[in-house]
Amino acid sequence: MLRKTYENIDSIGRAILSIKASGVHNKELAEVIYPTGEKAFAQVIALDGEQVTLQLFGGGFGVSTDCKIRFLGKPVQVGFSDDMLGRVYSGNGQPIDGGPELMADQIRIAGPSINPVKRLIPKNMIRTGVPMIDVFNTLVRSQKIPIFAKAGEPYNQLLANIATQTDADVIIIGGVGLKYDEYHYFRQRIEDAGSKNKTVMFVHTHRDSIVEGLMVPDLALAVGEQFALQGKNVFVLLSDMTQWSDYLRQVANAQDQIPANQGYPGDLYSQLASRYEKAADIDGAGSLTILGVTTMDDVTHPVPDNTGYITEGQFYMKDGYLELFGSLSRLKQQVNDKTRSDHRNIMNAMARLLSESEERVKAQKFGSVKDDYSLRLLDYRKTFQQELMDPFRFLELEDALDLCWDILSNHFKREEVGLSSELIDAYWPEKGKYKILKNSTHE
Amino acid sequence: MSKAKGRVISVNESLVGAKNTEGAVINGEVAYIILEDGKRLKSEVIDVKQGGVVYLQVFEDTGWMKIGDLVEFTGLPLAVKLGPGILGSVTDGLQNPLYELAKIEWFLERGLEVSPLDNTQKWHFTPTVQKDDVVTGSSVLGHVPEKLFQHKIFVPFSVQGEYTIESIAQEGGYTIDETIAVIKDGSGNTQELQMAFDWPVKKPMPFHERSVPEKPMPTGIRILDALFPIAFGGTACNPGPFGAGKTVLQHSLARHSQADVVIIAACGERAGEAVEVFKDFPELIDPRTGKSLMDRTFIVGNTSSMPVAAREASVYMATTVGEYYRKQGLNVLILADSTSRWAQALRETSGRKEEIPGPEAFPMYISTLISAFYDRAGIEKLPDESTGSLSIIGTVSPAGGNFDEPVTQATLLSTGAFWGLSRALSDARKYPAIDRIDSTSKYPSLLQKEEVLYLLELLRDGKTIASNILLMGEKGITDESYIRYQKSELLDSVFLQQNSFDEVDGVTNPERLRLMFNMVKEIIDAPVTIQGKEGIRSHFNFMRQAFLDWNYTQLKDEKFEKQKSKLLKLVKQMGYAEENV
């Protein structure tokens, strides 16, 4: 069907264009046709009488007043087929790995959420081999959980580790605002782990337009959701959602929206939620788990703050360690009562003691820590960090739990740890006879 | 009355402008926008401007709408259908039952509407009025059994003036759509009545006679029941940063509160949390009734990825249903999680309307709306001398965990109890992480007033001594102070902290609360003669251990008494306890 083209562009902004047209649908896909014949995509985002506002996938730079706009009569879609596995795509869904374009079914992106009654209660632990995750903040299939970290922390390594060490059927990597070396790193890791043929990448690097970056999570999640509906267990990695939020802020600003906090649009929460909520364990099908990255300096910044209210916890990475405080898995209670009888209790006891020792750290700065118990708490804190908080130390859950008992016994008396007598009788190791902890590490 | 019509003239996400082309438009009425594929999108008139321009907030995704699409106004405000069959159900923010929707599509496709209440189920109706009886709005016509209760069938509340019963259905099975009574006014006009009727969600139901909340509602959560209680008909808010335990607290309240009916309004929060409730509750037995917990529960879910404009509707709908069950003479509890998301939805719409923003871009009227919402809670004395109550516990999710923001502040002004959740406490795994010092309640506790003050004083002392220890070290304070400090720590860890994931410790009934308090008091009042911090700490460690072991035994179990006497013995020893408990 021949579609009408429009020529009288009214205004061109950084990512926005407006034009007079009629019969246009909200959210319709359009083409910007340059005088040279080149084409770029755009999407309708608002209508006001004849005035149509479009978001430009390639950005506004270089768009001229003699460009033409053609409305394509369809919404934004993404191709989907099993042949996408092993391939790399850009933020507008085009292959960028030099391979051929695929003949694929078109599926909608940013579709409605699944009916909550079609969700299952997440009940399956994902073993990652990372003690701070498996013991203290267990990851659960269909969980949505980001890593909170300062820029420069090894969060992408951890992301890639978790994705490749676990039993995911399909891995979708959504890279938003990646540096080129980060993109390269992901590709390399996936290939080294032999996971290439179960991975699809959607990549936006800093040289691409921000609108493409905005699209990446939607493309990754739409494709991931399709695999999940086929019965697969899908892992979607989104890095970095802070950059994504920043692009959202730029586009909202270009549309003269009233900013809420720190310039972010008032709907930041809803925007993030509609992406993260795609994570689900679907009744009668597979599951979709989302691991994200939220770079931040301060957890009260609007992006980590809104994210924390949406996701099912977060892993907090600091100085290369996975921190206990600040990290949380909201779904751990669904699974950690079925692992080993001591799991929950030792997790809480370790945390309580660590929190007590944090108090002593403050006190130490006043020079007021001199008693034996406090000094043992401080030692305990050091051992905890060395033995457990390294995100790249691989330990099976059971070994990690034994290690916890070893550490407790090394630093405390039985009655000091606040555990029930029953558990202590069952698990407390004799001082010095440790299963995992090396005696040389302390005393 | 002919219905008004209009055409779409602008589309900006969920805010749609329409030009009124025929008939009169009512502010607040429901309108449908008809897309070119025939889908009907529900919306609500939120503003009428000059030149016949009407602003609609659309409860669905507005993709593929275009200029000129037809708008059909209904002449009716957004309403909820009230009648038997609400309990045990799960609906979206517009009262579409989710299980019914799932039979049509797995995903929440737009434009789908199903009957809010099952209109095929027959309810066994027993009339309590006779022909020629005089009735008016909210008079009781009879009752049907619904789950745990006799559900009263009312003359719709909107009926004004006196009517006589022309005919009333005989005892038997009827659906909610069948006529069960015909009433006649003074001039002979008749009206047919069914068991279910509509009520506009934004209009508070008038109280028959309002009274003051003064009876504590046991929640099973010790720190609340003892220190910061909520009353039947009262209001409370629990603001807190993410991860401080709001959700777990809400779930605990939903399970263990001694309300007759619990309504959960999952407003703009994670879908998974609502799923946990409606998949778990049918399996859980409420020890007070012996029936499934779901039988007393109604869930309204407009979760965070559902259309934003329906968040507001979901909160109001839950409240209206709550008011209706209060009229049944029941004690109703609404858990609204989270009111901040509702406020944010209002902010989004307000922004699109280009209203002049208030603090943090929230609309200026936000505080008025919040106060009016909490005002719908309360005690109602009913015509038959019975009372019903509606309590509201609202979660607030302040940006950055900072209570100094508009929604938290407005909420604090409107609620009777404040449970401030603290990240410091949750980091220390001291759950429930309700601030022991800053939280407040104006309602009476399950304990005596002086007992509450007694505990609060110890907690404050403990806090002061703790900061002294921080500055001066344990050696810098006297043994006496150290003992006081240990007592306050013990109170915190064995009484205020509670493991909500444990079947026994997770809920404490009033009887057990009393026993536990007495024991705590015993410990606090007992003189300790030990000298030296090490020995003191050890003594309290043993007591804590014994107390925790006691907390995990069933009340009335043999072990319970055994552990209790063990603990008492330890307390009475007053000195260093060598014996390993």
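I started with contacts in chain B between residues at least 6 apart in sequence, and 67% of them join residues at least 24 apart. I note that this is a predicted model.

Next I looked up the secondary structure. Chain B holds 14 helices and 26 strands.

Then I checked the dimensions. The C-alpha trace of chain B spans about 90 × 55 × 40 Å along its principal axes. I compared the radius of gyration with the globule rule. A compact globule of 581 residues would have a value near 25 Å, and chain B has 27 Å, which agrees.

I also looked up burial. Of the 581 residues in chain B, 51% are buried.

I turned to a helix pair in chain A. Two packed helices are described by the angle between their axes and the distance between the axes. I looked up both values for helix H4 (residues 210–229) of chain A and helix H5 (residues 241–254) of chain A. The angle is about 125°, and the axes are 9 Å apart.

Which residues of H4(A) and H5(A) meet? From H4(A) I listed A:Ile210, A:Gly213, A:Leu214 and A:Pro217. From H5(A) I listed A:Gln243, A:Trp244, A:Tyr247, A:Leu248, A:Gln250 and A:Val251. I sorted the residues of this contact by kind: 7 are nonpolar, 3 are polar and none is charged.

How values were computed: Residues are numbered from 1 along each chain as its sequence is written. Chains are lettered from A and ligands numbered from 1 in the order in which they are written. This is a predicted model: local features need pLDDT of at least 70, side-chain atom pairs count only at pLDDT 80 or more; totals for chains, interfaces and linings use all residues. Axes are lines fitted to C-alpha atoms, for helices over the stretch in contact, and angles run from 0 to 180 degrees between N-to-C directions. Helices (H or I, at least four residues) and strands (E, at least two) are DSSP runs, numbered from the N terminus. Two residues are in contact if their C-beta atoms, placed from the backbone, lie within 7 Å. Ala, Val, Leu, Ile, Met, Phe, Trp, Tyr, Cys and Pro count as nonpolar, Asp, Glu, Lys and Arg as charged, and the others, Gly among them, as polar. The radius of gyration is taken over C-alpha atoms; the globule rule is 2.2 Å times the number of residues to the power 0.38. A residue is buried if 20 or more other C-beta atoms lie within 10 Å of its own, exposed if 12 or fewer, and partly exposed in between; C-beta atoms are placed from the backbone.
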